[in-house]
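Subject: Structure handover

Hello,

Here is the structure we talked about. Please open it alongside this message.

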Amino acid sequence: MKHYIYRGTKKLRCGYTTGSCAAAAAKAAAAMLLSGESISKISLWTPAGIPLTLDVLDIIQKEDHVSCAVQKDSGDDPDITNGILIYASVSLCETGIIITGGEGIGTVTKPGLDQPVGASAINSTPRRMITDELHTLAQKNQYEGGFRITISAPQGTVLAKKTFNPRMGIVDGISIIGTTGIVEPMSNQALIDTIRAEANMRRMSGSDHLLLTVGNYSDSFLQSFHPELAERAVMCSNFIGEALDIGVSLGFRSILLIGHIGKLVKLGSGIMNTHSAYADGRMETLIACGALAGMQRELLAQITDCVTTDGALEILEQSPCMQDMLHILTERIAYYLDARVKSQLKTGAVIFSTQHQLLLKTQDAEKIIDAMTEEGL
């Protein structure tokens, strides 16, 4: 695929989704079934308005059905499904277009996802792409009957274990996904969509309280801090602001954020995307809080060249105002969390550093933890 985007100064090649692969394979198989001829390439329009012409692989033509595959190409995106084959097996039926999942396609087991419980994890946009392509093909061939399509991915069962699917309630395979049909490398939106999908699954399961973690450190800490809550955590990575927005839009009553101080210290300056490419501000935030706590200027000046927050804390621990500084930081974090959600729900944060045996909680954090524990989902 020769479609590119820029991320910063880097020119990156786009790819196409598993949904585009499934639609292309289904269209190719149906075309061969109706015509009786073999084809090596298939074209389709993606929802993004970008046309694709893809190779048709591993063709099996029988009298009553045709099976073929299209290979996934993720472009310059580090997608775990890059290079796998997505198959479609198509047979004719009396009426309608029936789409099911076969080998390697997951099954939805929890409410709140794109498809209902018990359905194959083939999302609505790929289903619509398949349906539209086959309707057009039927009209072109003056065929008035229906199609039965089975989408499969033989490598899907193994690959799914390396994805968020098991955590989100999709078992035994990958999902066929994509809203535009195109994979944009390093797409923030794809990650945010994953956060929304997982949060919505928690909401639909009956939870009124959203638990957010920011990474592996947070997840490991949660296992020792409150292990009974570990299974309900939604990892938001650096997208704290977007995750808070999602919590509001889904109608949660409260949100609890758990993270290492190296990340959450940035919230003390209202920085809601904690990736270093967006902003740093860690030392500046600590210096501001330290100054408000009455720390000496000379001590604060020593942390300006610190690489890590833990390194800065080693220096700041020399001050008798250390606890006051941490209290101010915690209050600032609470303020900016509340400001982001515009007081539409309760927010809380638990900030930790295992290196310094540090555990900070905003004012409402413990109340939210109690509510989550009582909810017991």
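This is a predicted model: local features need pLDDT of at least 70, side-chain atom pairs count only at pLDDT 80 or more; totals for chains, interfaces and linings use all residues.

Start with the open sheet. It has five strands, in the order S6-S7-S8-S11-S9, and the pairing is mixed. The edges are held by S6 (57-61) and S9 (97-101). Each of these has a single partner strand, so one side of each is left without a neighbour in the sheet. On average, neighbouring strands are turned by 15° against each other, direction ignored.

For S9, the partner is S11 (residues 146-152). The two pair in the parallel sense, over five bridges. To find the place on screen, look for Ile97, which stands opposite Phe147 in S11.

**Helices across the sheet**

Two helices are worth a look here. H1 (residues 18-35) lies across S6, S7 (65-71), S8 (85-93) and S11. H1 runs at about 40° to S8. H2 (residues 124-140) lies across S9 and S11. Its angle to S9 is about 140°.

**Helix H7**

Next, go to H7 (residues 240-249). Its buried residues are Ile240, Gly241, Ala243, Leu244, Ile246 and Gly247.

The angle is about 35°, and the axes are 10 Å apart. The crossing of H5 and H7 is right-handed. H5 brings Ile192, Ile195, Arg196 and Ala199 to the contact, and H7 brings Glu242, Ala243, Ile246 and Ser249. These residues divide into five nonpolar, one polar and two charged.

**Helices H9 and H11**

The axes of H9 (residues 282-293) and H11 (residues 309-316) come within 10 Å and cross at roughly 25°. Angles under 35 degrees count as roughly parallel, and H9 and H11 are therefore roughly parallel to each other. Their crossing is right-handed. Arg282, Met283 and Leu286 of H9 make the contact with Thr309, Ala312 and Leu316 of H11. By type, the residues of this contact are four nonpolar, one polar and one charged.

Best wishes

Key: Residues are numbered from 1 along each chain as its sequence is written. Side-chain values use heavy atoms; hydrogens and water are left out. Two strands pair if DSSP finds at least two bridges between them. Helices (H or I, at least four residues) and strands (E, at least two) are DSSP runs, numbered from the N terminus. Axes are lines fitted to C-alpha atoms, for helices over the stretch in contact, and angles run from 0 to 180 degrees between N-to-C directions. Contact means heavy atoms within 4.5 Å. Buried means under 20% relative accessible area, exposed over 50%, partly exposed in between (1.4 Å probe, protein chains only). Angles under 35 degrees count as roughly parallel, over 145 as roughly antiparallel, 65 to 115 as roughly perpendicular and the rest as oblique. A crossing is left-handed if the near helix is turned anticlockwise from the far one by less than a right angle, and right-handed if clockwise. Ala, Val, Leu, Ile, Met, Phe, Trp, Tyr, Cys and Pro count as nonpolar, Asp, Glu, Lys and Arg as charged, and the others, Gly among them, as polar.
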